[in-house]
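Dear colleague,

Please find the structure for your review directly below. My findings follow it.

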Amino acid sequence: MSQSNEHQDRVAVITGGSGGIGGAIAARLHEAGATVHVLDTKPSSVKEFTFHQLDVANEADVDRVFDAIGKGAGKIDYLVCCAGIYRPRPFLELSLEDWQQTLQVNLTGYFLCCRAALRTMRPQKFGRIVMFSSMAARTGGKNVAHYAASKGGILGLMRSLAVESAADNIRVNTISPVITDTPMPRAVVSDEYMQSRKAHIPLGRIGDVEDMANGAMFLLSDDSSYVIGQDLRINGGSTLW
Amino acid sequence: MVASDNARVTVITGGGSGMGRATALRLAGQGDQVCICDFKEENVRATAEQIQSSGGKVFTGLVDVRDQKQVHTWIAQVIAKFGKIDCLFSNAGVNARSTVANMTLAQWNLLIDTHVTGTFNFCQSVLRQMVAQQRGAIVITSSDFAIVGVPNAANYCAAKTALYSLTKSLAQEFAPHIRVNAIGPGPIDTPLLRAGRTPEEYESARKVFEGKLPMHRLGQPEEVAAVVDFLLSERASFITGQLLQPNGGQVMW
């Protein structure tokens, strides 16, 4: 494990920081001494985080909030993109509105937040960006064409940003989970379905938010100083590519 | 930090230089009882002295990983001495560069036997113990070139791709109690990168690598050690069968 207090006084922005995975990462960064800004549509219950209510797909709001954080703190060191929506629907019942809503939040929202954060990270010559994709980007899945497409788009976005930002000491990577035990899938799938997924996971359990936070902390830390443009697949061995 | 009696026992092959040495130093510094082997006696001794001088615990062996009997004998010694093996970093490697047209069977066999059969030998020996313990973590050194290939190193690329496949098979066969992952380092500043190249060839290769790499620099062995440390640790307890690439952005899939 990294020895230094490297996260002390870092300024971290976490989109979807009121949710399961984002909330766990926010808590870990706060414990490690970072200043944590949470961007979400739903308020965060943790008073130690600075909360900014916004829709990540709203360009003007995203630009305004990142600009205010950058100017207020004088820097933005970390961006963790977790804000996403998961609304499974059979393909032939998928309306254009469903499609666009998922793409706007899950993919355009990441674009807008990365662009806004990089305006501060580039001149300061330091930045760490971790975005959450999904194993669905590789495997696809029943009733998740829109979700899988949005998560696949994130991999292309990540790789391009990794190449474009490397010379400025900005590292960009993604994490791809399988179904994780959080309120987001719980809202749309039964407990029975969730438990049934264990049979497809060689490590024999459903991943939890701490598994994802461990991966995010690794990618934000100097332990991954030579890791850029990679997708860290935290999936219990369910997909090996 | 000094190893305590219940210290994690970590076996590292190719511990005499480069990434193996850096990983041994890092993990011993965190309190692991490290057990390192290499086929070069002076190298394994140098690593051991560095570990001991900073108060770490180290056990050494002179092992040709291609020789199953030597491997099984040394692992038996490790188990007899420490009673368990928590982690294995199977990392021993050599290089013998050549075009395919001029490659001798000896050059081909050296790479396949050392990387692939050597890793099989160690994994088999160590996994027997890990299965009995119902616990363990393994990291195998594959390469970016397992994915993309490279000219004048068909033997190296074939060996490294075999290791990636071996990793995935082991991960499935030994889940849920034992995790097996691979690393795919990019160009790392180690003796192996210099092997088979004149100093001039090395300089020109380094410039080519740095020009192509998004990070514009070679990686350091310590940067790989940090990744191995992560994968062997509980921080990666939900990660198995994966290839993690500390590669400066050389390959992004």
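What percentage of the 253 residues of chain B count as buried? The share is 52%, where a buried residue has 20 or more other C-beta atoms within 10 Å of its own, an exposed one has 12 or fewer, a partly exposed one falls in between, and C-beta atoms are placed from the backbone. Please note that this is a predicted model, in which local features need pLDDT of at least 70 and side-chain atom pairs count only at pLDDT 80 or more, whereas totals for chains, interfaces and linings use all residues. Residues are numbered from 1 along each chain as its sequence is written, while chains are lettered from A and ligands numbered from 1 in the order in which they are written.

Chain B

Chain B contains nine helices and seven strands; these are DSSP runs numbered from the N terminus, with helices being H or I of at least four residues and strands E of at least two. Along the principal axes, the C-alpha atoms of chain B fill a box of roughly 50 × 40 × 35 Å.

The seven strands of chain B form an open sheet with parallel pairing, in the order β3-β2-β1-β4-β5-β6-β7; two strands pair if DSSP finds at least two bridges between them. At the edges are β3 (57-62) and β7 (243-244) of chain B, each of which pairs on one side only. Within the sheet, β1 (residues 9-13) and β2 (residues 33-38) of chain B pair in the parallel sense over five bridges, and Val11(B) stands opposite Cys35(B) in β2(B).

The contact between the chains

The contact takes 27 residues from chain B and 26 residues from chain A, two residues being in contact if their C-beta atoms, placed from the backbone, lie within 7 Å. On the side of chain B that touches chain A, α6 (154-174) and α9 (221-232) of chain B each supply at least two residues. The largest share of that side, four residues, comes from α9(B).

Chain A

Chain A has eight helices and seven strands. Its radius of gyration is 17 Å, close to the 18 Å that the globule rule gives for 241 residues, so chain A is as compact as a globular protein of that length. Buried residues make up 53% of the 241 residues in chain A.

The largest nonpolar core has 147 residues; such a core is a set of buried Ala, Val, Leu, Ile, Met, Phe, Trp, Tyr and Cys residues joined through C-beta atoms within 7 Å. Among the residues with the most contacts inside this core are Leu79(A) and Cys113(A). Helix α3 (residues 96-124) of chain A gives the most to the core, with 10 residues. Leaving aside neighbours within four places in sequence, Cys113(A) is in contact with Thr15(A), Val56(A), Val62(A), Leu79(A) and Cys81(A).

Cys82(A) lies in the loop between β4 (78-81) and α3 of chain A. Cys82(A) counts as buried because it has 30 C-beta neighbours inside 10 Å. Beyond neighbours within four places in sequence, the contacts of Cys82(A) include Ile14(A), Gly16(A) and Phe132(A).

Yours sincerely

How values were computed: The radius of gyration is taken over C-alpha atoms; the globule rule is 2.2 Å times the number of residues to the power 0.38.
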